[in-house]
Amino acid sequence: MGTLLTVFAGVLLLAVLVSSLAHRTILSTAALFLVAGFVLGDGVLGVVSVGPGDELVGTLAELALFAVLFTDGMRVGWTELRSAWRLPGRALGWGLPLTLGITAVVAHYLLGLGWIESLLIGAILAPTDPVFAAALVGNEKVPPRLRQLLNVESGVNDGLALPFVMLFLAIAAGSADLHLSELGLELGLGVLIGVAVPWTAIKLEQTRWFSASTQYEPLNALAIGLLVLALGKATHGNLFLAAFAAGITVATFGERQRKSFEHFGELIAELFKLGALLLFGALITPALLGAVGWQGWLFAILALVLARPVAIWISFLRSGLSVREQAAVAWFGPKGFASVVYGLIVLASGIAAAQQVFQLVAITIVLSILLHSSTDIVIARGFDDERDVPAWFGIVRRLRGDSPS
């Protein structure tokens, strides 16, 4: 534990020191933790020794996804969803299931997996992560509707994909009784806890009997999140849907609580996420990378360059998006942290294809992190003013026939 803590602290310090450079170049702090985990893991240097069945791996992954979904939910309250539902609705209502389905078809016919295992892989890889498109989402010269689309989509699709992951996993387990009533109870209980706890806490603070001081205000949402987590564990409600529902509830009924917690909460979620990425990298060994064969690597490439682009192209027909905007949405479907945790859940499930599913998910995520986190700054510059981009980029634009911004 001491070695792992030292490694995490050292890599975190390095990430802080290069973070400014990372925002302006193809460097990525997420990729830094992934590569550090790989190099320091058992497959290379052996400094960090962890296994997929270790309690630390499962616990950290669970806490990280809970924190990420809680903060994601806060970015997409009902007000935002009502005012900007048209484009994200296309991405979520059409793009998500189409991406899932196309990925499953590729897995079935290219790798020979059964349909349930293929659909499970599709569900795991369907969510996207805005962290690996930070330069695009954070660039004010990128059209606001495009940034809002990517933010809302990535904030919601983690929670939407979860029931599909759990359903296909239950079917893949081969049980004659899928226990759908129990699964439904678990999901419903998670949503109930996620709505009831923050709504009650916010309404209590709005009475004349209670009032949070300015100093303690950021801890309000943290206390809500911890209580949701504790009640979810105690009642066996689904933690991830509880977290997502709680975030949306805070954003909808407690705008002040959301604003006070926003920066603090994102830092907490980022710490958990980076720690889990370090462990995930340590689980990826050269043997794992070689075990999937050329067909596995081809699947990973097609999952990135075929599944989402085709799904987005179909979903945004006659949407009003420009070709450049649609291309940016199609490319930036990075496989991020939710896919990492869902992959670890499958690995720990004990289903017959668990190892193969995890391997395929792992190499796809690795490719996605490396490709998307190193191209977001390049794509984002395509929306900059002509004077803000290198001379060579202007030449490329003229050859393409684009007009200056």
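This is a predicted model: local features need pLDDT of at least 70, side-chain atom pairs count only at pLDDT 80 or more; totals for chains, interfaces and linings use all residues.

Colleague: Is F261 buried or exposed?

Modeller: The relative accessible area of F261 is 3%. That is under the 20% limit. F261 is therefore buried.

Colleague: Why does the pair of F261 and F264 count as edge-to-face?

Modeller: Rings of Phe, Tyr and Trp (its six-membered ring) pair if their centres lie within 6.5 Å; planes under 30 degrees apart count as stacked, over 60 as edge-to-face and the rest as tilted. The centres of F261 and F264 lie 6.0 Å apart. Their planes stand at 90°, so the pair is edge-to-face.

Colleague: Which residues form one aromatic cluster?

Modeller: F261 and F264 are three residues apart in helix α12 (residues 255-283), so about one helical turn separates them; helices are DSSP runs (H or I, at least four residues), as strands are (E, at least two), numbered from the N terminus. F264 is partly exposed at 30%. The cluster is made of F70, F261 and F264.

Colleague: What is the angle between the ring planes of Y109 and W115?

Modeller: Y109 is exposed, with a relative accessible area of 63%, and W115 is partly exposed at 39%. Their ring centres are 5.8 Å apart. The pair is edge-to-face because the planes are at 85°.

Colleague: Which element gives the most to the lining of the second largest pocket?

Modeller: On a 1 Å grid over the protein atoms alone, a pocket is an open set of points where a 1.4 Å probe fits, with protein on both sides within 12 Å along at least five of seven lines; lining residues have an atom within 4 Å of a point. The second largest pocket holds about 440 Å³ of space. Of its 21 lining residues, the closest to the centre are G58, E62, L239, F240 and I345. With four residues, the element that gives the most is α3.

Colleague: Where does H236 take a positive phi?

Modeller: The phi of H236 is about 65°. Its place is just after α10.

Methods:
Residues are numbered from 1 along each chain as its sequence is written. Side-chain values use heavy atoms; hydrogens and water are left out. Grid points are joined across faces, edges and corners, and a volume is the space filled by probe spheres set on the points. Buried means under 20% relative accessible area, exposed over 50%, partly exposed in between (1.4 Å probe, protein chains only).
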